[in-house]
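Subject: Structure handover

Hello,

Here is the structure you will be working from. My notes on what was found in it follow below.

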Amino acid sequence: MTRANGLESLVNDAVTAAERAAIAASALVGRGDKIAADQAAVDAMRTAFNAMEMRGRIVIGEGERDEAPMLYIGEEVGTGSGPEIDIALDPLEGTDVTAKGMRDALAILALSPRGGLLHAPDTYMDKIAIGAGYPEGVIDLDVEPAENIRALAKAKGVPASEITACVLDRERHDAIVASIRSAGARITFIGDGDVAGVMMAADPDVDVDIYIGRGGAPEGVLAAAGLRCVGGQIQCRLHFRNDDERARARRVGITDLDRKYTLMDMASDDCLLIATGVTDGRMVQGVRQSARWIETETLVYSSVTGVRRKIATRRPRQA
């Protein structure tokens, strides 16, 4: 079995893992407890992973071992037989929006053959991303957002006023917001979950052209895995707030702390990206329950086949 075929053999079970995490988290939507919601998703996803025929290793997880009792970076999951797989995950992307009953919460995971995903520390990362169809290098993390907006508009053949940027609604992004608006572009703010923000920029059916901002480094790797599947460009650089975070990066093998990462730096081999809606969003609907059924909607992207699927699943409530 080739590495790619081994990856594809795990699609159905990986979808189940994301669905189980989303269903578990959905029970806590709007209840104001983001920690409990995240833990419910983690527990459900871990149980599903350990039933999968693979030798899995978490490379992007809930933190380091002393911070996360389950799905920590370096944890081995799966049955111990089958393909060697590296896993990046966010069992609940959007803990705050889940707790508040807001939109765009997802259960997300990415799979790649061993060594295919960057081992990123749990720190911040500056990011800029666009979808497919543009010349390489049209965006640059090292120039002002306004300049990127104008370059993207030129490549798209439209005025800058027709470009829509996605930005996390955070005070730290005030300067980015001002620069984007100085170019005349529109902004779509999201409350949480910058993997979803990057994937919206890559989705031709969503009115978002570019993602700009600072979010988690683990989410940057997940976003890169998604772009490896659907096409696009991303540039990222780790952002450290203190010496402890720099030491954390060195522990996962990063020596150049100022490096600018590209798509292939972060997702160097074939990938699957799987995302199940917890709450309704712009790309996928959230978990729905009736007296008899639980319904989920899941996006499945594969760089192996180039296929993009949206899977609607209905399972009996007792299942």
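The largest cavity draws lining residues from both domain 1 (3-116 + 271-316) and domain 2 (124-265), so it lies between them. The model is a predicted one. The structure has one cavity of 30 Å³ or more, and the volume of the largest cavity is about 50 Å³. Its lining is made up of Leu106, Ile108, Val195, Ala196, Met199, Leu273, Ala275, Met283, Leu299 and Tyr301. By class that is 10 nonpolar residues, with no polar and no charged ones. Helix H7 (194-202) and strands S4 (106-113), S11 (272-277) and S13 (293-302) supply at least two lining residues each; H7 gives the most, with three.

Strand S13 also holds Thr296. This residue has a relative accessibility of 1%, so it counts as buried. Leaving aside residues up to four places away in sequence, Thr296 touches Glu19, Ile23, Thr276, Val287, Ile311, Ala312, Thr313 and Arg315.

The largest pocket has about 910 Å³ of space. It is lined by 35 residues, and Asp90, Thr95, Asp122, Asp192 and Glu219 are the closest to its centre. The class count for this lining is 16 charged, 10 nonpolar and nine polar residues. Domain 1 and domain 2 each provide at least three of the lining residues. Among the elements that supply at least two are strand S3 (84-93), helix H8 (217-230) and strand S8, while H3 gives the most, with five.

The second largest pocket has a volume of about 180 Å³. Of the 13 residues in its lining, Asp126, Leu141, Val143, Ile176 and Ile212 lie nearest the centre. S5, helix H5 (145-156) and S8 are the elements that give two or more residues to this lining, and S5 gives the most, with three. By class, the second largest pocket is lined by six nonpolar, five charged and two polar residues.

How is S8 paired with S5, parallel or antiparallel? The two strands run antiparallel, with seven bridges between them, and Ile128 has Ile212 in S8 as its bridge partner. Strand S6 (residues 164-168) runs parallel to S8 and is joined to it by two bridges; here Cys166 is partnered by Tyr211 in S8. Six of the seven residues of S8 (residues 210-216) are buried, so the strand is largely enclosed by the rest of the structure.

Regards

Notes: Residues numbered from 1 in each chain as written. Predicted model: local features only at pLDDT ≥ 70, side-chain atom pairs only at ≥ 80, totals over all residues. Heavy atoms only, no water. 1 Å grid on protein atoms, 1.4 Å probe; cavity = no way out; pocket = protein on both sides within 12 Å on 5 of 7 lines; lining within 4 Å. Points joined across faces, edges and corners; volume = space filled by probe spheres on them. Helix = DSSP H or I, 4+ residues; strand = E, 2+ residues; numbered from the N terminus. Nonpolar A, V, L, I, M, F, W, Y, C, P; charged D, E, K, R; others polar. Domains from an automatic or database assignment. Buried < 20%, exposed > 50% of the residue type's maximum accessible area, 1.4 Å probe, protein only. Contact = heavy atoms within 4.5 Å. Pairing = 2+ DSSP bridges.
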